[in-house]
Each structure stands twice: as C-alpha cells, then as structure tokens.
Protein chains: 2
Amino acid sequence: MMMTKPRLNPRKTPRQSRSQATYVAVLEGAARILETEGGHRLTTNHVAERAGVSVGTLYQYFPGKEAILAELIRQMRQDMLTDFEEAAREAKGKDLAFALDALIAASLRHHLRRPALAQALERVESELQLNDEIHALKARMRELIVEVLRERRIMEPERTAFDLMALSRGISDAAIQSDQRDFDDLQQRLSRAIRGYLGLAVTPLVAAPVKTSTEIAGCR
Amino acid sequence: MMMTKPRLNPRKTPRQSRSQATYVAVLEGAARILETEGGHRLTTNHVAERAGVSVGTLYQYFPGKEAILAELIRQMRQDMLTDFEEAAREAKGKDLAFALDALIAASLRHHLRRPALAQALERVESELQLNDEIHALKARMRELIVEVLRERRIMEPERTAFDLMALSRGISDAAIQSDQRDFDDLQQRLSRAIRGYLGLAVTPLVAAPVKTSTEIAGCR
DNA sequence: GTAGAATATGAGTAATTATTCGCATTATCG
DNA sequence: CGATAATGCGAATAATTACTCATATTCTAC
C-alpha cells in the first residue's frame with residue numbers, strides 16, 4: 001500500500017448508524033456521570049463503562065474527555081439558541097413584557113429539562129476555555145436579546161441584555177441548586193426581577209404599614 | 001514505647017509560629033494555583049511546590065486537597081460574613097435603599113478583592129459538598145439579609161433574600177468573568193437590579209418616544 | 001458468498017497524581 | 001548543653017487515570 005496516513009484527526013466522524021449510536025451513547029454516558037456523580041468522576045474509562053462501550057471505541061471519536069465535554073456544551077448551547085430563536089419569533093410584534101416572558105420561559109424550560117446536567121455543564125464551561133463555535137453560539141443568544149430590547153427602545157441594550165441574562169442565570173442556578181423546580185413560581189420571580197431592572201411596573205414588596213395621606217398623594 | 005497512637009487526625013494543628021507560616025503558605029499556594037492555572041492543576045504535589053514546602057509537610061496539615069479547598073472556602077465565607085455583619089451594623093436604623101447599598105458594597109468588595117479566586121472557589125463550592133460549618137456561615141449570611149428586609153416590612157423576606165442574593169451573584173459573576181471591574185459601575189447596576197426586584201423607584205430604561213398627556217398624567 | 005472497510009474490544013502500557021515514611025533539621029525547656 | 005518534641009524533607013511507592021494497539025467482529029457493496 002502507498003502510505004498509511006499518519007493518524008491525522010484522532011476524532012472520526014461516524015459513518016454507519018451503529019457508530020452514530022456509539023457516539024451518542026458516549027455523550028449520554030458522560031452526561032449521566034455529570035448528573036449523578038459529579039465532574040471529578042468523569043474519567044475516560046468510566047465514561048466508556050457507563051456508555052456500554054470500550055475505551056478504545058471512545059477514543060475513536062473523542063481525543064479526550066475535554067472533547068466530550070466540549071461537545072456536550074456545544075449541543076446544550078445549540079439547543080438553547082434554537083429555543084430562544086423560536087421564542088423571539090413568537091414574540092415578534094408583541095410588547096416588551098410579553099417578549100421577555102417568552103424568553104424567560106425558554107430559558108427556564110432549558111434549565112428544568114435536566115437541571116443537574118445544565119448546572120454541571122455551566123460549571124465546566126466557565127472552567128474550560130471554549131472553542132470559537134461555542135463562543136459564537138453564546139454571542140448569538142445575546143444578540144438576539146439585544147435586538148428584542150433595541151426594538152422596544154430600551155436604552156443601552158447591550159449592557160442591559162448582559163445584566164438581564166446574568167441575573168436570570170443567578171436566580172435559576174440558585175433555585176435549582178435548592179431543588180426549587182416549580183416552573184410557574186420561577187417564571188414569576190424571573191419576570192419580577194427582569195421587569196424591575198428595566199423600571200417597568202412591579203407590585204411593590206413593601207407592605208404599606210399605615211397609609212398616610214402624603215404617601216397616597218405622592219406619585220412615587 | 002507503650003503504643004504509638006494509631007494516626008488519628010491526619011491534620012495537625014500547628015503549634016509553633018513556623019508551622020503556622022507553613023499552614024498559610026499551603027493555602028496561599030493553592031489559592032494562587034486556582035487564580036492562575038485553574039482547578040484541574042490543583043494537585044497536592046503542585047500545591048506544595050508553589051507553597052515552597054515539601055509534599056510531606058503539606059500532608060501533616062491537610063489530609064488531601066479537598067481539605068485545602070474546604071479551608072479556603074471556609075475562610076472566604078467567614079470573611080464575607082464579617083463584612084456583611086459590619087455593613088448591617090452601619091445600616092442599622094437607616095432606610096431600605098441605604099441598607100441595601102451597604103450590603104451590595106460589602107459583597108462587591110469581596111468579589112473584587114481577588115476576583116479569579118472568588119470565582120474559582122464558588123465553582124468548587126457548588127461541586128463539592130461542604131461541611132456543616134460552611135453551610136452555617138452561608139445560612140447566617142442569608143439570615144442577616146432576611147432581618148434587614150423584615151425590619152423594613154418587606155413581604156416574604158426569606159424568598160426575597162434568596163432571590164436578591166442569587167441575582168446579585170449572577171451579575172457579579174458574569175461581570176467579573178468579562179473583566180468588568182469598575183466598582184461604581186457594578187454598584188449601580190446591582191442597586192438597580194435589587195431596587196427593581198423590590199418594586200422601589202428605578203429610572204426606567206425605556207426611552208419615552210413621545211410624551212403623551214396620558215403618560216404624564218398617570219402615576220404608573 | 002466474500003473482500004475490504006468500518007467499527008469494536010480490552011488487556012496492556014504510559015503518564016499522572018496521591019500518599020507514606022525514614023530520616024534530617026529546628027525549636028523548646030530545664 | 002542535651003533531651004525531647006515539633007516540624008520539615010523528598011525519594012519511593014501506591015493508586016488512579018489516560019491512552020494505544022493487536023486482534024476480533026460487523027457492515028457494505030459487488
């Protein structure tokens with residue numbers, strides 16, 4: 001034979017359906033380890049075992065565990081972006097509060113689908129430095145929100161989008177960490193936080209002690 | 001000799017000043033690794049090296065790297081709690097907005113002192129399960145905020161404190177991750193987010209397109 | 001069918017990381 | 001001092017984890 005290729009890309013692209021199945025099995029095995037045992041137990045041998053696959057097979061498709069994590073993150077971000085795009089399309093033409101609620105719902109659905117996995121992947125994401133593809137996905141998500149804000153004449157849409165995403169993530173993460181999983185409850189709390197940041201009307205949490213005449217008269 | 005003790009607690013308490021110095025050197029070495037290289041490079045040998053200490057010495061004071069991390073986290077939470085208590089004392093008797101700003105400032109100081117370290121430790125904290133002492137520190141911090149809210153007649157103080165802490169952390173973390181380090185800018189953004197959540201007055205971000213008479217007349 | 005390509009295997013090896021232990025050094029106290 | 005305890009050392013060893021490769025199995029196309 002002429003010359004065996006010098007082992008170029010260690011990561012093959014699966015061609016047959018059986019290898020496709022192997023590929024997703026590895027990813028799913030890794031995901032389940034993240035969910036149930038934590039990142040420190042994610043070793044190549046262990047992933048292969050949980051995937052019902054041999055280590056050698058794993059290495060045919062992934063050069064190492066970082067590659068597995070990167071692919072899981074990429075898929076998560078891709079799914080999230082798709083949901084966001086759908087929500088933004090629905091909200092087209094509707095008013096600000098409606099559009100925001102649609103985006104909040106999309107974000108919440110994502111966090112509640114596989115809560116432990118989403119949390120673990122976000123942690124990994126901030127620890128690893130990511131490839132450009134993942135960065136691009138996140139950038140497009142932010143741009144999408146910026147557009148929603150800009151169309152509604154919100155000032156400083158970039159910074160506002162940044163803060164809204166950040167505070168949403170903060171509340172979602174903390175809630176999920178404490179096993180709060182009630183969709184409607186979380187939706188309300190996120191909606192309050194976001195509307196409040198924007199200066200939209202929000203029912204005050206200050207229980208009026210005794211209504212004085214000056215308080216009733218004054219607009220704020 | 002009668003009987004060598006069966007190696008009870010592998011973690012000695014340093015008695016001489018020199019060993020005190022060793023103890024803190026190990027912690028500082030670990031902290032610097034977290035800051036500059038990331039959690040995956042935190043190995044006992046490496047920590048010892050960066051601390052200028054031999055591995056054996058490290059193991060005299062810490063049974064393993066988790067113990068080092070736990071102690072770093074404990075110290076971080078302890079410092080933060082102290083700052084919060086101080087801020088709450090200052091704010092005693094002042095109005096809600098003032099009290100909140102004092103707490104925000106304390107939180108921000110903490111995050112900005114050693115930003116990369118704070119981030120890394122928070123990640124580790126959510127990955128490891130912590131001992132009761134650290135849980136207690138966090139619980140006392142939340143209680144402190146609950147009290148601030150309760151004294152000002154805020155409804156559902158527990159849940160509100162939870163959400164305020166969560167959204168603050170979300171914004172702080174995201175900002176620091178993006179190298180936004182301007183104290184006053186962050187203070188303003190956090191203040192807006194928190195006041196907004198509570199339904200306090202916040203300058204709206206909606207650029208009024210044309211002021212209609214009904215908008216000017218209506219209180220909200 | 002059968003040839004050849006693709007895929008799968010897992011024991012075996014390399015590399016990394018954790019942990020110990022015998023001994024050297026330094027401090028404390030009378 | 002000198003005795004004893006405290007501290008420090010780091011090569012050596014154990015344990016874990018990463019990764020390979022010779023071989024076996026399964027698929028595809030003719």
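## How the two chains relate

By what turn, and with what shift along the axis, can chain A be laid on chain B? A turn of 180 degrees and a shift of 0.0 Å along the axis do it, with an RMSD of 0.0 Å; the copies are superposed by least squares on the C-alpha atoms of residues with pLDDT of at least 70 in both. That is the relation of a two-fold axis.

Please keep in mind that this is a predicted model, where local features need pLDDT of at least 70 and side-chain atom pairs count only at pLDDT 80 or more, while totals for chains, interfaces and linings use all residues. Residues are numbered from 1 along each chain as its sequence is written, chains are lettered from A and ligands numbered from 1 in the order in which they are written, and side-chain values use heavy atoms, with hydrogens and water left out.

## The fold of chain A

Chain A has 10 helices and zero strands (DSSP runs: H or I of at least four residues for helices, E of at least two for strands, numbered from the N terminus). Of its 220 residues, 45% are buried, meaning under 20% relative accessible area with a 1.4 Å probe, protein chains only.

## Where the chains meet

Each side brings its share to the contact: 37 residues from chain A and 37 residues from chain B, with contact meaning heavy atoms within 4.5 Å. Because 100% of the interface residues of chain A are also interface residues in chain B, the copies meet through the same surface. The area buried between them is about 3,400 Å², and carbon and sulfur atoms give 63% of that (accessible area, 1.4 Å probe, lost on putting the two parts together, summed over both).

Six salt bridges cross the interface, each a side-chain nitrogen of Lys or Arg within 4 Å of a carboxyl oxygen of Asp or Glu. One of them joins B:Asp163 to A:Arg189, whose closest N and O atoms are 2.6 Å apart. On the side of chain A that touches chain B, α8(A) gives the most, with 11 residues.

## A look at helix α9

Helix α9(A) covers residues 183-198 and reaches 22 Å from its first C-alpha to its last, close to the 22 Å expected (1.5 Å times one less than its number of residues). A:Arg189 is among its buried residues, as are A:Leu186, A:Leu190 and A:Tyr197. The cover over the buried residues includes α5 and α8 of chain A, together with α8 and α9 of chain B.

After the helix comes A:Gly199, whose phi is positive, near 80 degrees.

Terms used: Buried < 20%, exposed > 50% of the residue type's maximum accessible area, 1.4 Å probe, protein only.
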